[in-house]
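Please read the points with the structure open.

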Amino acid sequence: MIRKYITRYLLVLLLGIISFTGCNKKHAQEDFYTNEIQRSIGFFDSAFDAGIKVYYSDVDENGKATGESIHTVALSRMLYGLAYASPLNPDYENKALALTKYQLENMIGRDSIGTYFIPTVRAEEVEHADYLDIWQQSYGLCGLTELYRNSLDKELLPIIRENTNWLIKRFRDEKKGGFFADYKIGEGAVSGSKTLQSLMYPITAFMGNLWLADVENRAVYEKVIKEHLDIISRVAWNDSLGWVNLRFNDNWEPVFSDKDVVSPGHNFQLAALFLRSEKWTFLSEEERRRYQRMAKEIIRTTMHKPIWSCRGIGDGFFENINPHNDQVVSAYKSWWQHCEALIALSFVKDEYNSEFDQLFHFYFNTFIDEQSGGEWAKVGEGNSPIIEPKGQRGKSVYHHIELIRFLREADVY
């Protein structure tokens, strides 16, 4: 146990102090990221059913499938990782195509609006869905979009466009703008369901990426992204508390409760979204400057919150906080939240170089399981892994590989 952490620490430390220049340094960082991608994907090899050509979603801590359930979010996130990694290995591309075929043939439902993504399929049994939620519907397009971005498959694009249009039709509030989080089949969007996620997920899960890939249809995505960013900038950040607002009424007014719990990861995710807007040329220069200022304020505020253990930033941050008094609700530390923090800090690394480095080392030394593979979802006291499935309804390779993508694009390490 100690030996594996020492090995991982030395590898990451080597990348931090390496003195290679030019080509050698670039090769070193690419080798590190390539190995991380291959290790993360390889963990799920045992959960791939070669007969029906799909990954089972529920996978234990050792990589063994614990059932035959296939969840839309887990499948699509796996597809995202395979599609992104496809230039590294032809097998990744073949499996990405196989997952796409399975998703489109087995995990698509239809109502009076159009098609939607079925949340779960178990062997021959399809999960009946009375309600659709923005999380699963947005991430249903996540992997397909990344596959198109890499393959430019002309047959795939109309399917993505159609499902995007139907998602917008189902969830958009025509009166107040933005999206509801829930939709009841046969009745319509659910009043009272608006959340921060219903504003952010459509952009972060697929639409920001689709804007990059589908140049001819950008006007559709730009309208949604622009509207959502405008609403987010007005209602999502609670300046007096220094935390995001998570729930809203139908007028986009924040809704509070004494039982409210927030995650630092959502602060960082919001900041990262604002920072990404710098490259969205359909926004005005003034809008982009305003979003950049808001992002930096969110990061600055969050970094000074009491979310760290007594050992400081290099020991990571706690997963759940009471926003009304900043008391720690859960002292566990979560892998996805540290991915979001590193993505946000990668945009402003010049201002937070030391903090980024410390969190980088913490993440790769803590959440990576060198012995059995995959990434631990959470760690507890002393940063010991919490033993739970590494493949779940919403967990596969996505957050880890998305992090690597952003770090590579920012030319970090």
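1. The second largest cavity is lined by F44, Y55, Y56, S57, A74, L75, M78, L99, K395 and S396. A cavity is a set of points, on a 1 Å grid over the protein atoms alone, where a 1.4 Å probe fits but cannot get out, and lining residues have an atom within 4 Å of a point. This cavity has a volume of about 60 Å³, a volume being the space filled by probe spheres set on the points, with grid points joined across faces, edges and corners.

2. The model is predicted: local features need pLDDT of at least 70 and side-chain atom pairs count only at pLDDT 80 or more, while totals for chains, interfaces and linings use all residues. Residues are numbered from 1 along each chain as its sequence is written, and side-chain values use heavy atoms, with hydrogens and water left out.

3. Helix α3 (residues 72–85) gives the most to the lining of the second largest cavity, with 3 residues. Helices (H or I, at least four residues) are DSSP runs, numbered from the N terminus. By class, this lining has 7 nonpolar, 2 polar and 1 charged residues; Ala, Val, Leu, Ile, Met, Phe, Trp, Tyr, Cys and Pro count as nonpolar, Asp, Glu, Lys and Arg as charged, and the others, Gly among them, as polar.

4. The count comes to 4 cavities of 30 Å³ or more. About 90 Å³ of space lies in the largest cavity, and among the residues that line it are Y139, T204, R276, E340 and F406. Helix α10 gives the most to this lining, with 4 residues. The classes are 6 nonpolar, 2 polar and 3 charged residues.

5. Which residues lie nearest the centre of the largest pocket? They are R276, K279, F347, F406 and E409, out of 25 lining residues. A pocket is an open set of points with protein on both sides within 12 Å along at least five of seven lines. The space in the largest pocket is about 510 Å³. Helix α8 gives the most to its lining, with 6 residues, and the lining holds 12 nonpolar, 5 polar and 8 charged residues.

6. The second largest pocket contains about 440 Å³ of space. Of its 21 lining residues, R77, Y201, W335, W336 and H399 lie nearest the centre. Helix α12 supplies the largest share of the lining, 4 residues. The lining divides into 6 nonpolar, 9 polar and 6 charged residues.

Methods:
Helix = DSSP H or I, 4+ residues; strand = E, 2+ residues; numbered from the N terminus.
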